[in-house]
Amino acid sequence: MFAVFALLLALVYISRALDSDVLRETLESSSLDALFPGDPGYAEAAKTFNQRFTYAPIAILFPRTPEEVSISVKAGASQNLRVAARSGGHSYIASSFSGQNGSLLVDLSRMQKFTYDTDTETALIETGLRLGDIALALNEEGRFIPHGRCTYVGIGGHSGFGGFGFISRRNGLTLDNVKSATLVLANGTIAVVSDQVHPDLFWAIRGSSASFGIVTSIQVQTHPVPENVTIFNLVWELNVETTTAMLAKWQIFVDSGITPDLGGELVLSRGDSSGNVKVAWFGAYYGSSNTFNATVKPYLDEFPSAPIPSQSSITSGNWLTGLEALVFGALNTSTAAESRDTFYAKSIMTPEAVPMSQDAMSTFITYLGNEGFKFNGSWFVEVELYGGSNSAINSVPLDATAFAHRNKRFNMQLYASAPNSAPPFPDYGFTFVEGMVSSIVSNMPADWPYGAYVNYLDDRLPNWKELYYGSHYERLHVLKHSLDPQNVYHFPHSIK
Ligand SMILES: Cc1cc2nc3c(=O)[nH]c(=O)nc-3n(C[C@H](O)[C@H](O)[C@H](O)COP(=O)(O)OP(=O)(O)OC[C@H]3O[C@@H](n4cnc5c(N)ncnc54)[C@H](O)[C@@H]3O)c2cc1C
Ligand SMILES: *[C@@H]1O[C@H](CO)[C@@H](O)[C@H](O)[C@H]1NC(C)=O
Ligand SMILES: *[C@@H]1O[C@H](CO)[C@@H](O)[C@H](O)[C@H]1NC(C)=O
Ligand SMILES: *[C@@H]1O[C@H](CO)[C@@H](O)[C@H](O)[C@H]1NC(C)=O
Ligand SMILES: *[C@@H]1O[C@H](CO)[C@@H](O)[C@H](O)[C@H]1NC(C)=O
Ligand SMILES: *[C@@H]1O[C@H](CO)[C@@H](O)[C@H](O)[C@H]1NC(C)=O
Ligand SMILES: *[C@@H]1O[C@H](CO)[C@@H](O)[C@H](O)[C@H]1NC(C)=O
């Protein structure tokens, strides 16, 4: 029995080794840069942002052009390998490694072309670029696109699944601004897609791109930078009762006719003593600085009188100073290296139609005040505002893109890091985060129509098809069958 098992193992090992030789030969005739296991630089290039995951790809390729991406994909597909792109490498579950060892990783970091066209006011952005560098290049033209706060996140993953920033209530998600894209299909064909050409595929890549192709560039509608930007981060240390009240009032305030120029989130984290929670109201206002006070007053008046002065700030300035106050990471990402984390995160996108109940909010905040104080890693919950009055995200018709959530109020991100942010991630960390989610969901009706965000991938989510892709899963499934029958582009929560 054991001998048979050992023989099987040896065969698997030998066939892997052969795969790798065939791959080398296939690539030899091209000028593609590649790293194989054992090569200098391979271990560094195989590092993941979330150190909960360690994978060994069969090879890491560094194409410079769409044609070289096509060669990469064909080389992998011809050997039945799983193939995936890496843009900024910030997937929560390292999904560019396809969820297993021995996959083919196509790293896009050598594809960083950026051009701005003044006639169409669109930017052509290659997907090896990161958010900070794109923001800087656009600002040179007096333009911007909406996107998230971590400068090191890649535009590839970000624009393929969503792309939320505080200005998204005003200008939509990143993917809402994509006008056309160039991508490499599972059979190696290079396709340009837009509303006019291959509209089905164009639909699919705005919400589910990684299941259908490697997008090499996107053409994005840009906007003139707002003249005045105010970034505020106001922090309080509150007991469970007051925190619950502030969450309840946040849910009401956001529906009270607020302007799309206001965006933000409540950030909850560990209090200084058991039964307390640190509460930050963090956001941005893109209107005149003269009207900022009046805009935030109705909600601010509900908080206890004074936020913690040493931790609170209000910065008024232009678009660039606003970005600097908002982002974490260097805007110019080549000037500083980024530290990694070891974490588990979940998300709950709450439906506008059915607000969180008093019971759900109070159980949740009590859990954070007590269990959150005991937890010995760091953690946070972001109650990000997607919907509310006048939100551009929710003004897009549900079926216009594959993104499945056009009627959600909040996207709650629930995130815990291992002690010292170092591996291994402990079992009690999973229990802690799962407890946060169940304290809400188990206090809502069984058919509560909530969702989850594909850009906050959760490898332990059982009902992911429904929560991530909602009513779009079936249409995506049919497309997947015709465009990638071999399932070349595969990760744990890809379209099957
Ligand atoms: C610190 C941090 C902060 C974040 N902040 C925000 C935020 O403010 N707002 C927000 O919306 N999200 C945020 N996110 C989530 C982020 O948007 C996603 O993790 C995103 O998918 C990362 O993109 P990436 O290109 O860096 O990741 P990668 O790991 O390179 O890619 C993610 C997935 O997309 C696929 N992919 C990458 N490039 C391509 C491509 N060109 N074509 C097809 N598929 C591709 C990969 O194969 C993988 O499956 C944050 C994440 C982190 C780690
Ligand atoms: C994948 O390879 C890494 C590095 O060699 C190893 O640590 C890990 O256990 C492997 N994972 C699986 C699932 O085999
Ligand atoms: C910017 O703010 C100043 C006052 O600080 C105001 O005079 C100006 O009109 C504002 N511009 C816009 C576009 O709101
Ligand atoms: C806004 O409020 C702050 C603090 O209350 C005050 O210092 C500031 O002068 C006000 N700004 C305007 C434009 O009224
Ligand atoms: C970013 O920094 C690098 C290295 O210092 C520099 O070469 C590059 O010009 C900078 N880019 C921008 C847009 O400022
Ligand atoms: C952290 O908390 C867990 C669970 O309560 C406990 O088992 C562990 O020993 C603690 N670790 C440290 C370093 O305090
Ligand atoms: C690749 O797939 C696309 C989409 O199905 C198809 O149009 C194209 O003809 C295929 N190319 C090849 C070379 O088979």
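Lys-480 lies in helix H15 of this predicted model. Helices here are DSSP runs of H or I with at least four residues, strands are runs of E with at least two, and both are numbered from the N terminus. At 2% relative accessibility, Lys-480 counts as buried. Buried means under 20% relative accessible area, exposed means over 50%, and partly exposed falls in between (1.4 Å probe, protein chains only). The side chain of Lys-480 makes a polar contact with the side chain of Asp-484 at 2.7 Å. The Lys-480 side chain also reaches the backbone oxygen of Tyr-489, at 2.8 Å. A polar contact is a pair of N or O atoms within 3.5 Å; within protein, one must be able to donate a hydrogen and the other to accept it, and residues adjacent in sequence count only if both atoms are side-chain atoms. Not counting residues up to four places away in sequence, Lys-480 touches Ser-211, Phe-212, Pro-485, Asn-487, Tyr-489, Ile-495 and Lys-496. Contact means heavy atoms within 4.5 Å.

Residues are numbered from 1 along each chain as its sequence is written, chains are lettered from A and ligands numbered from 1 in the order in which they are written. In this predicted model, local features need pLDDT of at least 70, side-chain atom pairs count only at pLDDT 80 or more, and totals for chains, interfaces and linings use all residues, while side-chain values use heavy atoms, with hydrogens and water left out.

Helix H15 (473-483) is also one of the packing partners of helix H7. H7 covers residues 199-208 and is mostly covered, with 8 of its 10 residues buried. These are Leu-201, Phe-202, Trp-203, Ala-204, Ile-205, Arg-206, Gly-207 and Ser-208. Besides H15, the buried residues of H7 pack against helix H5 (155-161), strand E8 (178-184), strand E9 (190-194) and helix H14 (464-469).

The chain as a whole contains 15 helices and 18 strands. Its radius of gyration is 23 Å, close to the 23 Å that the globule rule gives for 496 residues, so the chain is as compact as a globular protein of that length. The radius is taken over C-alpha atoms, and the rule is 2.2 Å times the number of residues to the power 0.38. Along its principal axes the C-alpha trace spans about 70 × 65 × 45 Å. Buried residues make up 58% of the 496 residues. Among contacts with a separation of 6 or more, 76% involve residues 24 or more positions apart. The accessible surface of the chain comes to about 19800 Å², and carbon and sulfur atoms hold 54% of it. Accessible areas come from the Shrake-Rupley method with a 1.4 Å probe; for residues, only the protein chains shown count as cover.

In soluble globular proteins, nonpolar side chains tend to be buried together. The largest nonpolar core of this chain has 137 residues. Such a core is a set of buried Ala, Val, Leu, Ile, Met, Phe, Trp, Tyr and Cys residues joined through side-chain atoms within 4.5 Å. Trp-250, Trp-281, Phe-364, Leu-368 and Val-381 touch the most other members. Leaving aside neighbours within four places in sequence, Trp-250 is in contact with Gly-264, Glu-265, Leu-266, Trp-281, Tyr-299, Val-383, Leu-385 and Phe-410. A second, separate core of 22 residues includes Ile-58, Val-73, Leu-108 and Val-488.

His-90 is found in the loop between strand E3 (83-86) and strand E4 (104-107). His-90 is buried, with a relative accessible area of 14%. A polar atom of its side chain lies 2.9 Å from the backbone oxygen of Gly-88. Not counting residues up to four places away in sequence, His-90 touches Phe-49, Arg-130, Cys-150, Tyr-152, Val-153 and Glu-338.

The loop between strand E18 (408-417) and helix H13 (427-441) holds Pro-424. A cis peptide bond joins Pro-423 and Pro-424, with omega about 0°. Asn-420 has its place in the loop between E18 and H13, and its phi is near 60°, a positive value in a residue other than glycine. Asn-420 is exposed, with a relative accessible area of 76%. Ser-421 lies in the loop between E18 and H13. Its phi is positive, about 60°, although Ser-421 is not a glycine. Ser-421 is partly exposed, at a relative accessible area of 25%.

Ligand 2 has Thr-54, Ala-56 and Asn-101 around it, each with a heavy atom within 4 Å. An oxygen atom of ligand 2 is 2.4 Å from an N or O atom in the side chain of Asn-101. Taken alone, ligand 2 exposes 360 Å², and the protein buries 33% of that.
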